[in-house]
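Subject: Two-chain model for you to look at

Hello,

Here is the structure I promised to pass on. Please open it first, then read my notes below.

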Amino acid sequence: MPNNLVLNITYVLVLLFLGYVFGRRAESRHYKDIVRRESRLLQLPTINGKQPLGDISVVNCTLVRGSVVISVDYFKRMLAGLRAFFGGEMQAYETLLDRARREAVLRMKESCPGAVQIINLRIETSSIYRGAESVGSVEVLAYGTALYGEQPAESGFVPKVLPTPTRAAQPARSGPTG
Amino acid sequence: MFISNIETIPGKQVIACQGVVAGSTVRAKHAGRDLMAGLKNIFGGELKGYTELLEESREQAIDRMKRQAARLGANAIVNVRFSTSSVAAGAAEIYVYGTAVTVTD
């Protein structure tokens, strides 16, 4: 049945195209959004140690958390499938995880306006499955203890926004490179 | 109730320990959310339905843990940890646990 075959191939190609265009747009948009929000929240020190930075007088503390579930697009999943065959670095999934982690940390920070520090940051990742097959989406949970009180004059905290992976900033490339 | 994921409550003193308290919940997503997730699997992006679902579950698990601590007469929970596991297809268990303590200024 050649007709059926053509239909099937067209279907996959359309999905690939849609995934490529929309996935790429969503990713670069998301990265722009992440960088903008990260620079806004730079002055809230977040550390994964248990001792607060500087001499801080704490009046209150709460557990804060942020989480996000992100899915990879069809094109990248196909690319990752090829990679799984040949072995090597899976850049498609690296950016997915990077975006998810940074988004989760940002949501955590945004959930506690007025806090002066977040200590003991923990990040957990779990993959979400639908039925038996993996759908390539991940859940990231970030949590920590937010401290409220008097910010120390000198904490030695010099924050900077992290760079985004070069690939997201580059212009569109054509096709999988194997 | 004070909750933290470090061993103490900053600025307070632990005077009694009531032992480990925990809260858990198992949730499944409904079909509508699954349909949206299917679409998002083509286009990529955040699965908002799942994010909300897991957030609600976590809220409930924390609530249950707090209630347990309150029953023991504690006014704070320290060293809180989260854990997630998928127990069945399309369902996840959210588990949260910590140590119930009594603190004073």
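Let me start with chain A. Of its 178 residues, 33% count as buried. Buried means that 20 or more other C-beta atoms lie within 10 Å of the residue's own; exposed means 12 or fewer, and partly exposed is in between, with C-beta atoms placed from the backbone.

A word on the source. This is a predicted model: local features need pLDDT of at least 70, side-chain atom pairs count only at pLDDT 80 or more, and totals for chains, interfaces and linings use all residues. Residues are numbered from 1 along each chain as its sequence is written, while chains are lettered from A and ligands numbered from 1 in the order in which they are written.

Chain A

Chain A has four helices and three strands. From the N terminus, the order is α-β-α-α-β-β-α. Helices (H or I, at least four residues) and strands (E, at least two) are DSSP runs, numbered from the N terminus. Take contacts between residues at least 6 apart in the sequence of chain A: 85% of them join residues at least 24 apart. A contact here needs C-beta atoms, placed from the backbone, within 7 Å.

Helices α1 (residues 2-40) and α3 (residues 91-110) of chain A pack at about 35 degrees, with axes 10 Å apart. Axes are lines fitted to C-alpha atoms, for helices over the stretch in contact; angles run from 0 to 180 degrees between N-to-C directions. The crossing of α1(A) and α3(A) is left-handed: the near helix is turned anticlockwise from the far one by less than a right angle. On the α1(A) side, the residues are A:Glu27, A:His30, A:Ile34, A:Arg37 and A:Glu38. They meet A:Thr95, A:Arg99, A:Arg102, A:Glu103 and A:Leu106 in α3(A). By class, this contact has two nonpolar, two polar and six charged residues. Nonpolar covers Ala, Val, Leu, Ile, Met, Phe, Trp, Tyr, Cys and Pro; charged covers Asp, Glu, Lys and Arg; the others, Gly among them, are polar.

Helix α2 (residues 74-86) of chain A buries A:Tyr74, A:Phe75, A:Lys76, A:Arg77 and A:Leu79. Just after α2(A), A:Gly87 takes a positive phi of about 85 degrees.

Chain B

Chain B has an open sheet of four strands, in the order β1-β4-β5-β2, with mixed pairing. Its edge strands are β1 and β2 (13-28), each pairing on one side only. Strands pair if DSSP finds at least two bridges between them. β4(B) and β5(B) (residues 91-104) are antiparallel over nine bridges. B:Ala88 has B:Ala91 as its bridge partner in β5(B).

α2(B) lies across β2, β4 and β5 of chain B, at about 145 degrees to β2(B). Its buried residues are B:Tyr50, B:Leu53, B:Leu54, B:Arg58, B:Ala61, B:Ile62, B:Met65 and B:Ala69. Just after α2(B), B:Gly73 takes a positive phi of about 85 degrees.

Where the chains meet

The contact takes 26 residues from chain B and 39 residues from chain A. On the chain B side, β1 (2-3), α1 (31-43), β3 (45-46), α2 (48-71) and β4 (76-88) each supply at least two residues. That side divides into 13 nonpolar, ten polar and three charged residues. Strand β1 (residues 57-71) of chain A also pairs with β3(B), antiparallel over two bridges. There, A:Ser71 has B:Gly45 as its bridge partner.

Best wishes

Key. Contact = placed C-beta atoms within 7 Å.
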